[in-house]
Amino acid sequence: MSVKSYQKIIPVTAIQFEGNSSKHIDEIFAFVQFPISINLAGNVVELRVIFDPLKPLVVLLGDYIVKDAAGTLIHMKHAEFEVEYTVVK
């Protein structure tokens, strides 16, 4: 038997953090269904998804919040997300 290459396809849903407009924040809240906050201090804009008060999910502007089939949320940097996933039409 010879060695073969395989590809694992994992369907996910995701939303990109694009800024702090109220409409976009409402979309993110509806997607994650956990409390969120936005930190505008300093030069970095970050969104915090508070599913665990001791360890919130911190997402920087332009990055993605990804939800797998089990509902688990993770943060992915923009470049990493673009390499790993393509839009399903």
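Predicted model: local features only at pLDDT ≥ 70, side-chain atom pairs only at ≥ 80, totals over all residues.
1. The cut-off for buried is under 20%. E46 forms a salt bridge with R48. Their closest N and O atoms are 2.8 Å apart. R48 is partly exposed, at a relative accessible area of 28%.

2. How many salt bridges does the structure hold? It holds two. Besides the E46 and R48 pair, K77 forms a salt bridge with D63. Here the closest N and O atoms are 3.9 Å apart. K77 lies in the loop between β6 (73-76) and α2 (78-84), and D63 lies in the loop between β4 and β5, so the pair ties together parts that are 14 residues apart in sequence. K77 counts as partly exposed, with 44% relative accessibility. D63 is buried, with a relative accessible area of 8%.

3. **L61 in its loop.** Where is L61? L61 sits in the loop between β4 (57-60) and β5 (64-67). Its relative accessibility is 44%, so L61 counts as partly exposed; that class lies between the 20% and 50% cut-offs. Leaving out residues up to four places away in sequence, L61 touches F17, E18, G19 and V45. Now compare sequence and space for L61 and V44. They are 17 residues apart in sequence. From C-alpha to C-alpha, they are 7.8 Å apart in space.

4. **The sheet with β1.** Three strands form an open sheet in the order β1-β5-β6, with antiparallel pairing. The edge strands are β1 (13-16) and β6, and each of these pairs on one side only. On average, neighbouring strands of this sheet are turned by 25° against each other, direction ignored. Four bridges join β1 to β5.

5. β2 and β3 (residues 46-49) pair over four bridges in the antiparallel sense. I36 stands opposite V49 in β3.

6. Which strands does α1 lie across? They are β1, β5 and β6. α1 runs at about 155° to β1.

7. **Q33, a backbone point to check.** Most residues other than glycine have a negative phi. Q33 is not a glycine, yet Q33 has a positive phi of about 55°. Where is Q33 found? Q33 is in the loop between α1 (22-32) and β2 (36-39). Is Q33 buried or exposed? At 62% relative accessibility, Q33 counts as exposed, because the cut-off for exposed is over 50%.

Definitions and conventions: Residues numbered from 1 in each chain as written. Heavy atoms only, no water. Helix = DSSP H or I, 4+ residues; strand = E, 2+ residues; numbered from the N terminus. Buried < 20%, exposed > 50% of the residue type's maximum accessible area, 1.4 Å probe, protein only. Contact = heavy atoms within 4.5 Å. Salt bridge = Lys/Arg side-chain N within 4 Å of Asp/Glu carboxyl O. Pairing = 2+ DSSP bridges. Axes fitted to C-alpha atoms, helices over the stretch in contact; angles between N-to-C directions.
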